[in-house]
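Work through the exercises below with the sequence and the structure at hand, and try each task before reading its solution.

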Amino acid sequence: MKKYDYTDKKDTRSGFGAGIAELGRSNPNVIALTADLAGSLKLETFIKEYPERFVQCGIAEANMIGVSAGLTIGGKIPFATTFANFATGRVYDQIRQSVAYSNKNVKICASHAGLTLGEDGATHQILEDLGMMKMLPNMTVINPCDYNQTKAATIAIAEYDGPVYLRFGRPVIPVFTPADQKFEIGKAWHVNEGDAVSIFCTGHLVWEAIKAGEILSEQGIEADIVNIHTIKPLDEEAILASVRKTGCAVSAEEHMLNGGLGDSVAQVLARHFPAPLEYVGVHDTFGESGTPDQLMQKYGLTADKIVEQVKKVMARK
C-alpha cells in the first residue's frame, strides 16, 4: 500500500476560499455571490480584494441562482455559494430551468455537505445532492477529497464552459494530495495500485479508503483505490480498467446510496462488465445532530466499514 502522510488538517471549504481568491486575481470575469453565508464559504479574501465583484444576495437562494444565470449572458463567470442543502434542495427548480436547461455557465459551490456538517442536524445535512445534480442534463458534478484538491477543482471549473456543481465540507481533514496538482474534470485519480479489490471513493471517504487500504495491506490484501472526484462525467474507463483487474468492487461516499457514486458505478458495471459490488454510504435515512466523528461512526462511513465490505465482496468473486 502506497504511504500517504500529512502534516496539516484543513476544511475543504477553505480550499474553495483559497481557490476563488486566486481566481479573482487572474480572471476578471469571476463574480462571487452568496446567500448570507460569506464567512461560512470562506469568501473574506475575495471580498476584501474585489468588493466590486461580490454580490450579497441575502437569504434568497432562488434569486441568487437567477442573478447568476443572468450574469453569464454578459460573459461573467458567477460562483453562487451557500450550504449544499440550500444550493440544491431549496432551489432545484431554478437550477433546472434557468441554469441546466439553458446550459448557463454558472458554478454552484456548495459547502457543509453530508453528515459531517455535524451538530446542525438532519434539516441541514443533505445526503441527496449528488444524485439530484447528476440527473440534470448539462450539469457537471464534482466532489473533491481534501483542501488542495478542492482549491485545484475551484480553479479548474472557471476554465470549463457550462454548469458545475462543486461540493465540499465543513470539518478539518488531512491534507494529503499535492499542492501543485492539476485537476482534470472527468479524470479519476489512482490512489493505490492493487489487484484484490477495487475501492471507488469520493469526498471525505477518500481518506477513509486510504486507511482501509493500509489495514487490508497488513492482511495481505492489496486494494486498487480510485478517487472518483468527478461524479459526472464519470471516468468509466478508469472504473472498468480497475474492476477487470480485481473482479470486484466497493464504493464509498458520504451520501445516500440511492443516487450516489455507487449507483453510477453499478450502472457502468451492469452495462459493460458485471461484477460483485458492495457499498459504503447512508442507507435511506436522514441524519441527526452529533459531531462529525460520531456521525461517521454511527452511519458506517469509516475505514473499518470499508474493510468489512471488502471482505464481503471478495467472498462473492
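**Exercise 1.** Describe the largest pocket by its volume and by the residues that line it.

*Solution.* The largest pocket has a volume of about 370 Å³, in a model that is predicted, so that local features need pLDDT of at least 70, side-chain atom pairs count only at pLDDT 80 or more, and totals for chains, interfaces and linings use all residues. Residues are numbered from 1 along each chain as its sequence is written, and side-chain values use heavy atoms, with hydrogens and water left out.

Next, turn to the lining: 18 residues line the largest pocket, and Ile 173, Glu 208, Lys 211, Asp 293 and Met 296 lie nearest its centre. By class, nine residues of this lining are nonpolar, four are polar and five are charged. Strand S8 (172–174) and the helices H8 (205–218), H11 (292–298) and H12 (303–314) each supply at least two lining residues, and H11 gives the most, with four.

**Exercise 2.** Find which residues have the most contacts inside the largest nonpolar core, and which element gives this core its largest share.

*Solution.* Begin with the core itself (buried nonpolar residues, under 20% relative accessible area, joined through side-chain atoms within 4.5 Å): it has 40 residues, and Tyr 165 and Phe 200 have the most contacts inside it. Helix H10 (261–272) is one of the elements that give two or more residues to this core, and H10 provides the largest share, four residues.

Finally, look beyond this core: another core, of 35 residues, lies apart from it and includes Leu 115, Phe 176, Ala 196 and Ala 212.

Conventions:
On a 1 Å grid over the protein atoms alone, a cavity is a set of points where a 1.4 Å probe fits but cannot get out, and a pocket is an open set with protein on both sides within 12 Å along at least five of seven lines; lining residues have an atom within 4 Å of a point. Grid points are joined across faces, edges and corners, and a volume is the space filled by probe spheres set on the points. Ala, Val, Leu, Ile, Met, Phe, Trp, Tyr, Cys and Pro count as nonpolar, Asp, Glu, Lys and Arg as charged, and the others, Gly among them, as polar. Buried means under 20% relative accessible area, exposed over 50%, partly exposed in between (1.4 Å probe, protein chains only).
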